[in-house]
Amino acid sequence: MAAHYGLLLGIQSPWQVQRVDLQVEAKQVEIVVAHARDGSVACPHCGRACPRYDHTAERQWRHLDVMQFTTILRARVPRCQCPAHGVVTAAVPWAEPSGRFTLLFEAFAVTVIEASRSLTQAAELLRVDWHTVQEIVRRAVARGLVRRSTEAVTQVGLDEKSFGRGQDYVALMTDLPGRRVLDVVEGRDTASATRLWETLPAAQRRKVVAVALDMSEEFATATCQAAPQAALVYDKFHVAKHLNEAVDKVRREEHRKLLQQGDASLTHTKYLWLQGACPEGERALSFAELCARNLKTARAWMHKETFGEFWAQPDPGAGLKFFSQWFPAARRSQLEPIKKVALTLKTHLRGLLNYFLHPITNALTEGFNSKIQAIKADARGFRRFENYRARILFHCGKLNLLPDLTLRAAH
Ligand SMILES: [Zn+2]
């Protein structure tokens, strides 16, 4: 049986299976592996064959289940005395240096976690506790980040997401063409955005050509310091959100006044005005009627809708021409919220016109929302920001997460 398990585990000389202990009641198999007593020991740093020094205390590793039996590998790992590196613990071919699982178990666990709805579900499937799953995630992400190349990163997105309860936020950097999250930091102020930039190697920061971001001052300030050459491109969905909020402010104010006069025309129309175009079907008539009444809300809506055409302009010159027509009309609208957004857009005009040179947006981060929501919903243990970051990178970072199975062959 020892030889059989040796084959199953891929255990080769100088290691050999010494004993297999089958515990039927506990549904557990323990495999005791030993290092050949007379063999020299390879230094894990330089590979030199060195004299044996002593053994570590017995350690254990969880392996893939065999026939639904929990399978545990046990071994005392020799230490060697290397002339260059001193007394060091030998590497074992079946696990990473500080791993508590065999490489095959860890690879399987990563695959299970990727496919699971939550860490709790993964923990149940793997029959380990929640914290162990979190630890496997953390190790997988660390492995992935070491291997990751950011060399091709030239267009990035900066965005924020709420985190936990209340007013906590995280800032995210995405590689837009690469469709991956590059990193996540706590907060959304200038210092946070600066830390986010610093997660990218300095040489790479200088190669970033364009950045999609919202119109908040913090992201722009950090970007101008960290990557002064990069063009700021204000995210058009963020601009649309500002315009929508302005329309809704006008609607709420007008609705309140109309109600005072007994006019309920604007009741339940909030989403009517937020839709990009005239809604079809049943509501079309009432919407047309609302527009025909020269309501302030309808005028605000018209300015918002008109601005939508800005993005369809062919180049910065045409964009500037369009803006110089739209802006005075919006400023003359006598609708305070629209006037205010118009001024914000004018202040940020350069970054709006940059869109025609670099047509990028943060739609990618929006696309990650459902995944990130699921991670947030699976919130146990998320008091710690690091866990949240690790899980976003695990699921949205496109990292190579698997342990290096060739370790097994190398020894
Ligand atoms: Zn050495």
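Hi everyone, let's start with a helix pair: α12 and α13 cross in a left-handed way. Keep in mind that this is a predicted model. The axes of α12, residues 316–331, and α13, residues 336–347, come within 8 Å and cross at roughly 150 degrees. On the α12 side, the contact uses F323, W326, F327, A330 and R331. Facing them from α13 are I338, K339, K340, A342, L343, L345 and K346. Sorted by class, that contact has 8 nonpolar and 4 charged residues, with no polar ones.

Now for the second pair, α5 and α7. Helix α5 covers residues 190–198 and helix α7 residues 217–226; their axes come within 8 Å and cross at roughly 40 degrees. The two helices are therefore oblique to each other, and α5 passes α7 in a right-handed crossing. From α5, T190, A193, T194 and W197 take part, meeting a set in α7 that includes F219, T221 and Q225. Here the classes are 5 nonpolar, 5 polar and 1 charged.

Last, the metal. Which residues are the protein donors of the zinc ion? They are C43, C46 and C82, each through SG, and H85 through ND1, at 2.1 to 2.3 Å from the ion. The angles between the 4 donor atoms run from 103 to 115 degrees, so the arrangement is tetrahedral. For comparison, the ideal angle for four tetrahedral donors is 109.5 degrees. Along the chain, the donor spacing reads C-x2-C-x35-C-x2-H. C46 sits in the loop between β3 and β4, and H85 in the loop between β6 and β7, so this pair ties together parts 39 residues apart in sequence.

Key:
Residues numbered from 1 in each chain as written. Predicted model: local features only at pLDDT ≥ 70, side-chain atom pairs only at ≥ 80, totals over all residues. Heavy atoms only, no water. Axes fitted to C-alpha atoms, helices over the stretch in contact; angles between N-to-C directions. Helix = DSSP H or I, 4+ residues; strand = E, 2+ residues; numbered from the N terminus. Parallel < 35°, antiparallel > 145°, perpendicular 65-115°, else oblique. Left-handed = near helix turned anticlockwise from the far one by under 90°. Contact = heavy atoms within 4.5 Å. Nonpolar A, V, L, I, M, F, W, Y, C, P; charged D, E, K, R; others polar. Donors = N, O, S within 2.8 Å, 3.2 Å for Na, K, Ca; no water. Tetrahedral: all angles 85-135°; square planar, octahedral: opposite > 155°, others 65-115°.
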